[in-house]
Amino acid sequence: MRAGRTLGIETSCDETSVAVLDGEGRIEVNLLSSQVAAHAPFGGVVPELASREHLRVLPTLAAAALNRAGGPTELVAVTGGPGLIGALLVGVRFASAFAWGRGLPLVAVDHLEGHLASSFLDLGGGPAREMPARVLALVASGGHSNWYLLRDGQAERCCRTRDDAAGEAFDKVAQALGLPYPGGPVVDRLARNGDPRAVALPRPRLKDSPLDFSFSGLKSATIRHIRAEALQAGGDGEPSPEVCDLLASFETAVVDHLLQPLEELAVRHRPELLTASGGVAANTLLRRRLERAGEELGVEVLLAPRPLTTDNAAMIARAGQLAFHRGERDDPRRLDARASRKWQPPGMRRAS
Ligand code: KG4
Ligand code: ZN
């Protein structure tokens, strides 16, 4: 069944976002209110503070989005999990009340399905692109680092991280240097001035599961180097060349590790398209290396538009439309939020 104009709501972590997409996935509105400044004094996201900020901002943001939409809403999509439970509940209760009050269908989507859908959105005002039958998709963010096979729109996880997520490693290394949170964007900027061969850092390999990731060893080795060399980058001046060299070496090790399963997965699954999404997919080196890998493998590459790599409601609205097409519906009187990563709606299955 066609979805029609869709209101999307995302409150899983520290961004409040509301979007409206038309029935073909054109972005009409995508509003975002970042809480980064509220959490910055604490060096990370404070869950209770996140819920309160969502409560404060969401009604105004939703009213503004609906005002700018091109017509009446026909479907409501909201992030149901995974994420911070209090933060998720603000979005879920708001979306449920809105859908119930207006008699609209409601779909709860997995946050990761949102990231997977983000690569197919167009910031230039065009409709969302259709998914081909076989897509290899990387999702790398502050909470996840997974490759998926999207087979006829159904996501099967091919590999995952066994410990830290890639974005978490960026954040922790930045924090050890005294750089602000989130660390990814600033590491990306400083790494451009560094020599990626300057510091030898480990490329982890897991014997029992060679395609899976492990970022904690690489993170610890990088932080040990920071302490041993007494490197610091906080303060007003530009960081030293040694800091830039270390960050370039670290960034290269992360990107090498994220791309390491790609060749084998491409041979195994013969994808028609490679995609990348999630906050880390904004990374300059990762984007460049994915483009090159696509050329070498002869597979088209479709990267999430940079502004849509981090959490946003446009991707949630699109994932909601796809779920609605598959026949998924949620009852606004019963819908609950789930904090756990295990939350998997019918469309998401683990590859055996
Ligand atoms: O997808 P996202 O907004 O939130 C989660 O669902 O986690 O991702 C945020 C993560 C943070 O860890 C941040 O440091 C990282 O994405 N990130 C980057 C870049 N921009 C954001 N990492 C590397 N390079 C970037 N340019
Ligand atoms: Zn995310």
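1. Strands β7 (residues 145-151) and β8 (residues 154-159) run antiparallel and are joined by five bridges. Strands here are DSSP runs of E with at least two residues, helices are runs of H or I with at least four, and both are numbered from the N terminus. Two strands count as paired if DSSP finds at least two bridges between them.

2. This is a predicted model: local features need pLDDT of at least 70, side-chain atom pairs count only at pLDDT 80 or more, and totals for chains, interfaces and linings use all residues. Residues are numbered from 1 along each chain as its sequence is written.

3. Look next at the β7 and β8 hairpin. Two residues lie between its strands, and D152 takes a positive phi near 50°. Y148 has R157 in β8 as its bridge partner.

4. A cavity is a set of points on a 1 Å grid over the protein atoms alone where a 1.4 Å probe fits but cannot get out. The largest cavity holds about 80 Å³ of space, a volume being the space filled by probe spheres set on the points.

5. What lines the largest cavity? The lining is E113, L116, A117, M131, L150, G153, A155, A319, L322 and R326, each with an atom within 4 Å of a point. Seven are nonpolar, one is polar and two are charged; Gly counts as polar, and Glu and Arg as charged.

6. Helix α4 (111-118) and helix α11 (313-325) each supply at least two lining residues. The largest share, three residues, comes from α4.

7. Domain 1 (6-123 + 307-349) and domain 2 (134-304) each give at least three residues to this lining. The domain bounds come from an automatic or database assignment.

Methods: Chains are lettered from A and ligands numbered from 1 in the order in which they are written. Side-chain values use heavy atoms; hydrogens and water are left out. On a 1 Å grid over the protein atoms alone, a cavity is a set of points where a 1.4 Å probe fits but cannot get out, and a pocket is an open set with protein on both sides within 12 Å along at least five of seven lines; lining residues have an atom within 4 Å of a point.
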